[in-house]
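Colleague: I would like to go through this model with you. Tell me what each term rests on.

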Amino acid sequence: MNKPVLDCKHISFSYHTLSGETKALKDISFSIFPGEFVSIVGPSGCGKSTLLSLISGLEKPQSGEISLHLEDKKSIGYMLQQDHLFEWRTIKDNVLLGPEINHTLTKEKENYALSLLEEYGLFQFVNKKPSELSGGMRQRAALIRTMVMSPSLLLLDEPFSALDFQTRLSVSSDIGAIIKKSNITAILITHDLAEAISLSDRIIVLSKRPGEVKKEIKIKLSKTDETALSARSAPEFNDYFNLLWKEISDEYE
Ligand code: ADP
Ligand code: MG
């Protein structure tokens, strides 16, 4: 097998505040391989966002080791529930923000950004402000802003939670397709088990706080095409759903 992009070995982490210690994660170990799409599911407050903060280097684990094996100059992309688009900038200027800050904005980068905007139905909005876009379009623009930086690892922290159900289905499907097509390694945190099954190669289930790895489930669906709809109607889908549902509901008892 290929060398992992990310290796987490026996990670533990606690928050220390005036009111005391909160153990967030306990003895977490897993690896992520190049091109994999892995979802992390687990009860609210079990340490999922903390885990992404550790992977991105915003926090340091108290024990254990995180090793990243990324290609030169390539970075980690981070996408959150809020799109954090700047309201006073046009969509084009928003998606080009990263290269502009890094002083790496070239005509080539700009053309790449425009081609992504075109491919994902946002071309007619390039000169519009974010307030003129729907929630789903804004999330697509936020993903394109991240993709323009050519990340080799993408961290997605419940990026679809603020969208209504219908929009969530189509945006998560599009975003899954964009990520798979560009062969980026991705870690998605989600509450939505069906979303996790339809998008992932593997799902890691965390226990309630302090989060521990409870189970890892490889997902293999007989899909007719790469759409999320096809994934959701695959014959294996319900079995995976029931298995995950059982693992998660055990954590709420
Ligand atoms: P999840 O993303 O799974 O909902 P989090 O990683 O956000 O969980 O949080 C895990 C636990 O750590 C929660 O109990 C939360 O209240 C606590 N926590 C998160 N951030 C902080 C912080 N900055 N200071 C203190 N406690 C925190
Ligand atoms: Mg969270």
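**Ligand shell and domains**

Modeller: Start with ligand 1: one of its oxygen atoms is 2.9 Å from an N or O atom in the side chain of S49. This is a predicted model, where local features need pLDDT of at least 70, side-chain atom pairs count only at pLDDT 80 or more, and totals for chains, interfaces and linings use all residues. Residues are numbered from 1 along each chain as its sequence is written, chains are lettered from A and ligands numbered from 1 in the order in which they are written, and side-chain values use heavy atoms, with hydrogens and water left out.

Colleague: How much of ligand 1 does the protein cover?

Modeller: The protein covers 63% of the 570 Å² of accessible area that ligand 1 has on its own. Accessible areas come from the Shrake-Rupley method with a 1.4 Å probe; for residues, only the protein chains shown count as cover.

Colleague: What makes a residue part of the shell around ligand 1?

Modeller: A heavy atom of the residue must lie within 4 Å of the ligand. Y15, T17, T22, S44 and R209 are among the residues around ligand 1. Helix 1 gives the largest share, three residues. Helices (H or I, at least four residues) and strands (E, at least two) are DSSP runs, numbered from the N terminus.

Colleague: Where do the domain bounds come from?

Modeller: From an automatic or database domain assignment. It gives domain 1 (1–75 + 155–176 + 186–253) and domain 2 (77–150). Their centres, over C-alpha atoms, are 25 Å apart.

Colleague: How many residues are in contact between domain 1 and domain 2?

Modeller: 20 residues of domain 1 are in contact with 13 of domain 2. Contact means heavy atoms within 4.5 Å.

Definitions and conventions:
A polar contact is a pair of N or O atoms within 3.5 Å; within protein, one must be able to donate a hydrogen and the other to accept it, and residues adjacent in sequence count only if both atoms are side-chain atoms.
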